[in-house]
Protein chains: 2
Amino acid sequence: MEKQLHIRELINRLARLDAASAWGGDLNPTQRAVLAYLGRANRFSKSPSHVAEYLGTTRGTISQSFKSLLQKGYVSERRSALDKRAISFELTVKGREITQFSGGLEQSISDLNEHQKLALQTTLTEILKVFLKQNNGRTFGVCNTCIHFEADNPGGFCRLLSESLTQDETSLICHEQNNAL
Amino acid sequence: MEKQLHIRELINRLARLDAASAWGGDLNPTQRAVLAYLGRANRFSKSPSHVAEYLGTTRGTISQSFKSLLQKGYVSERRSALDKRAISFELTVKGREITQFSGGLEQSISDLNEHQKLALQTTLTEILKVFLKQNNGRTFGVCNTCIHFEADNPGGFCRLLSESLTQDETSLICHEQNNAL
DNA sequence: TGCAATAGTTTCGACTCGCTACTAGTTGTG
DNA sequence: CACAACTAGTAGCGAGTCGAAACTATTGCA
């Protein structure tokens with residue numbers, strides 16, 4: 001009881017301090033998080049709804065964020081022909097550049113040894129999985145660990161969406177990803 | 001390079017999801033964090049400045065937060081007689097009740113086994129320590145792990161502030177805490 | 001005594017947050 | 001085929017956070 005409280009507080013404090021140090025340029029932490037997500041998401045998962053679900057916020061808020069990012073030239077919008085309601089946002093060159101930078105926590109984490117990093121990632125992923133299960137949230141994992149994924153040289157194939165994937169795409173985030181039994 | 005990125009994202013996503021689930025009542029996540037800090041801080045560490053430094057934000061913002069918390073009756077203010085500039089905020093009964101609740105991540109963390117929890121806390125603390133060192137931040141650890149602490153039955157004594165501490169106080173957060181060599 | 005440093009507050013503009021209401025496009029069912 | 005139910009995205013509201021800068025009041029130092 002005592003220990004969990006501190007772990008939760010540690011996670012929140014680390015995130016707060018990281019956010020505070022992520023204010024540079026004309027971007028705020030949330031906008032930065034949107035760009036980071038976009039850089040790791042596959043072409044089926046770049047809509048406002050998906051970003052909102054991933055970040056645990058609402059479509060309304062993300063809609064505003066995209067309006068601002070669009071104005072500043074970090075993303076470009078692409079409307080779908082199949083479903084005229086849907087919009088997909090892509091990183092522009094300027095947007096992609098931003099996601100390369102890595103200040104804040106990044107440095108502190110890289111000081112850990114490999115064993116610590118692996119254990120940390122495993123445990124945090126475990127916590128996330130449990131949390132998402134309790135809250136009916138989706139995992140947003142990468143394609144090549146998904147139950148619908150079929151390896152196929154050089155890339156892969158998604159049985160759920162009946163789409164073939166390039167090699168690069170197999171390690172991107174998908175909103176439909178599922179690796180549970 | 002690849003792995004750190006995910007750990008940082010994991011920490012941030014967990015904190016975001018936790019925050020999203022912490023919106024209940026008439027409190028927002030930041031206000032909740034202020035109350036949580038107040039519940040664990042000692043009597044020398046309950047000023048706006050200390051809270052701001054702990055949470056990685058500014059005095060201005062925290063001043064607003066306290067204004068709101070004061071209005072809603074979660075905290076009470078106490079001016080110091082020695083330094084007429086200083087203010088200390090105390091949890092009211094209503095404020096203390098709130099800090100008892102534990103939704104969100106709490107449950108997911110408690111599902112881990114003891115070994116995982118210990119390792120997780122150790123590693124996260126390590127990251128925090130490195131981060132704070134790089135950013136000239138203070139640790140905000142508890143008295144009984146401080147270089148100025150002197151055990152003294154039943155409580156303790158702080159050599160820095162020349163104040164004696166009750167037993168309960170020895171495990172509270174102090175803004176002056178220092179356990180580095 | 002005088003002046004720099006400190007504690008806290010206020011204000012500004014941009015933004016996030018939950019919420020509700022809204023438009024427009026899409027599905028399911030009779 | 002029509003019409004209701006659902007879904008994607010947007011707009012607007014009020015409260016609050018964010019950094020930053022300007023402003024009191026007080027204290028400490030030289």
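Chain A is divided by the domain assignment into domain 1 (1-111) and domain 2 (114-181). The model is predicted. Chain A and chain B bury about 5,900 Å² between them, and a rotation of 180° with 0.0 Å of shift along its axis superposes chain A on chain B.

**Domains of chain A**

- The C-alpha centres of domain 1 of chain A and domain 2 of chain A are 18 Å apart.
- Contact between the two domains involves 14 residues of domain 1 of chain A and 14 residues of domain 2 of chain A.
- About 1,300 Å² is buried between domain 1 of chain A and domain 2 of chain A, and carbon and sulfur atoms give 58% of this area.
- Three salt bridges are counted between domain 1 of chain A and domain 2 of chain A.
- A:R43 pairs with A:E169 in a salt bridge, with 2.5 Å between the closest N and O atoms.
- Between domain 1 of chain A and domain 2 of chain A, nine residue pairs are in polar contact, both residues being at pLDDT 80 or more.
- On the side of domain 1 of chain A that touches domain 2 of chain A, at least two residues each come from helix 2 (29-40), helix 3 (48-55) and helix 6 (105-110) of chain A.
- That side of domain 1 of chain A is made up of six nonpolar, five polar and three charged residues.

**Symmetry of the two chains**

- The superposition of chain A on chain B by the 180° rotation has an RMSD of 0.0 Å.
- This is the relation of a two-fold axis.
- The copies meet through the same surface, because 100% of the interface residues of chain A are also interface residues in chain B.

**Interface between chain A and chain B**

- In this interface, 54 residues of chain A are in contact with 54 residues of chain B.
- Carbon and sulfur atoms give 63% of the area buried between chain A and chain B.
- A:R8, A:R13 and A:R16 supply 13% of the area that chain A buries against chain B, more than any other three residues.
- Six salt bridges are counted between chain A and chain B.
- One salt bridge joins the side chains of B:R8 and A:E106, at 3.3 Å from N to O.
- The count of residue pairs in polar contact between chain A and chain B is 19, with both residues at pLDDT 80 or more.
- Helix 1 (2-20), helix 2, helix 3, helix 6 and helix 7 (114-134) of chain A are the elements that give two or more residues to the side of chain A that touches chain B.
- Helix 1 of chain A gives the most to that side, with 17 residues.
- The side of chain A that touches chain B has 24 nonpolar, 18 polar and twelve charged residues.

**Backbone details**

- In chain A, the peptide bond from A:N153 to A:P154 is cis, with omega near 0°.
- A:P154 is placed in the loop between strand 3 (149-152) and strand 4 (155-158) of chain A.
- In chain B, a cis peptide bond joins B:N153 and B:P154, with omega about -5°.
- B:P154 is found in the loop between strand 3 (149-152) and strand 4 (155-158) of chain B.
- A:F140, a residue other than glycine, has a positive phi near 55°.
- The loop between helix 7 and strand 3 of chain A holds A:F140.

Terms used. Residues are numbered from 1 along each chain as its sequence is written. Chains are lettered from A and ligands numbered from 1 in the order in which they are written. This is a predicted model: local features need pLDDT of at least 70, side-chain atom pairs count only at pLDDT 80 or more; totals for chains, interfaces and linings use all residues. Side-chain values use heavy atoms; hydrogens and water are left out. Copies are superposed by least squares on the C-alpha atoms of residues with pLDDT of at least 70 in both. Contact means heavy atoms within 4.5 Å. Domain bounds come from an automatic or database domain assignment. Buried area is the accessible area (1.4 Å probe) that two parts lose on being put together, summed over both. A salt bridge is a side-chain nitrogen of Lys or Arg within 4 Å of a carboxyl oxygen of Asp or Glu. A polar contact is a pair of N or O atoms within 3.5 Å; within protein, one must be able to donate a hydrogen and the other to accept it, and residues adjacent in sequence count only if both atoms are side-chain atoms. Helices (H or I, at least four residues) and strands (E, at least two) are DSSP runs, numbered from the N terminus. Ala, Val, Leu, Ile, Met, Phe, Trp, Tyr, Cys and Pro count as nonpolar, Asp, Glu, Lys and Arg as charged, and the others, Gly among them, as polar.
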